[in-house]
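Thanks for coming. I will show the model first and then go through it piece by piece.

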Amino acid sequence: VTDVEPTILVTKNADPVSIPEGGSGLVDFTVTVLNNSASGETVTLTQIADDVDNDGVDDVFYVAADICDVTVLADGETATCTFQRTLDTSDAASFSDVATGTAEDDEGNEASDSDDETGTVTDVEPTILVTKNADPVSIPEGGSGLVDFTVTVLNNSASGETVTLTQ
């Protein structure tokens with residue numbers, strides 16, 4: 001009898017896949033793991049690893065029992081695993097995040113698979129509020145026309161970015 005290695009299929013999704021620049025950056029990730037072993041045997045899901053910065057090295061390791069709805073998967077069954085991360089939203093850019101699931105069969109043979117999710121941090125245009133005051137607010141007809149104006153500019157951009165006044 002030949003031992004057939006187990007296999008799994010990992011799918012990763014993000015919600016939302018688009019977040020505004022300067023926003024909270026909170027993203028819910030869902031990782032589904034399908035036991036698609038050719039042998040038809042049950043596997044136990046042991047770990048979900050997350051490559052936070054997409055550099056090819058896993059940064060965060062989750063115990064499957066802590067984040068997945070089930071960990072023992074008969075052939076064809078799926079586990080749903082969820083976790084949250086706060087992403088850097090200081091600049092508009094895309095983000096890519098890779099998750100790797102690991103499972104083993106009853107002989108201790110490991111199976112793993114990875115999937116990535118790509119999303120965007122969307123650019124938020126800056127906004128300002130301009131107010132202008134005059135002192136005095138009125139002058140007599142034929143009098144001195146000297147009036148002091150005070151202009152105040154408030155950066156009320158939702159992104160929290162610094163703005164530069166150009167005119």
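Buried here means under 20% relative accessible area, exposed means over 50%, and partly exposed is in between, with a 1.4 Å probe and protein chains only.

Before going on, a word on what is on the screen. This is a predicted model, in which local features need pLDDT of at least 70 and side-chain atom pairs count only at pLDDT 80 or more, while totals for chains, interfaces and linings use all residues. Residues are numbered from 1 along each chain as its sequence is written, and side-chain values use heavy atoms, with hydrogens and water left out.

Back to D50. What does D50 form a salt bridge with? The partner is K12, and the closest N and O atoms of the two are 2.9 Å apart. A salt bridge is a side-chain nitrogen of Lys or Arg within 4 Å of a carboxyl oxygen of Asp or Glu. D50 sits in strand β4 and K12 in strand β1, 38 residues apart, so this pair links distant parts of the chain. Helices (H or I, at least four residues) and strands (E, at least two) are DSSP runs, numbered from the N terminus. K12 is buried as well, with a relative accessible area of 1%.

K12 has another salt bridge, to D97, at 1.8 Å from N to O. Here too distant parts of the chain are linked: D97 is in strand β8, K12 in strand β1, and 85 residues separate them. D97 is buried, like K12.

D97 also meets R85 in a salt bridge, at 2.2 Å from N to O. R85 lies in strand β7 and D97 in strand β8, so this pair ties together parts 12 residues apart in sequence. Both of these residues, D97 and R85, are buried. Through shared partners, the salt bridges join K12, D50, R85 and D97 into one network. The count of salt bridges by this rule is 4.

Now the sheet. In which order do the strands of the open sheet come? The order is β1-β3-β7, 3 strands with antiparallel pairing. Two strands pair if DSSP finds at least two bridges between them. The edges are taken by β1 (8–15) and β7 (78–86); each has a single partner strand, so one side of each is left without a neighbour in the sheet. From one strand to the next the twist averages 20°, where axes are lines fitted to C-alpha atoms, for helices over the stretch in contact, and angles run from 0 to 180 degrees between N-to-C directions.

The joins can be counted. β1 and β3 are joined by 8 bridges, and β3 (residues 26–35) and β7 by 9. F29 stands opposite F83 in β7.

Side chains alternate along β3.

C81 brings us to the disulfide. By the rule that a disulfide is a pair of cysteine sulfur atoms within 2.5 Å, the count is 1. The pair is C68 and C81, with sulfur atoms 2.0 Å apart. The torsion about their S-S bond is about 100°, so the disulfide is right-handed. C68 is in the loop between α1 (64–67) and β6 (72–73), C81 is in strand β7, and the two are 13 residues apart. C68 and C81 are both buried.

Last, the core. In soluble globular proteins, nonpolar side chains tend to be buried together. A nonpolar core is a set of buried Ala, Val, Leu, Ile, Met, Phe, Trp, Tyr and Cys residues joined through side-chain atoms within 4.5 Å. Which residues touch the most other members of the largest nonpolar core? They are V31, V33, L45 and I48, out of 25 residues. Strands β1, β3 and β4 are among the elements that each supply at least two residues, and β3 gives the most, with 4.

L45 touches, among others, V33, C68 and C81, not counting residues up to four places away in sequence; contact means heavy atoms within 4.5 Å.
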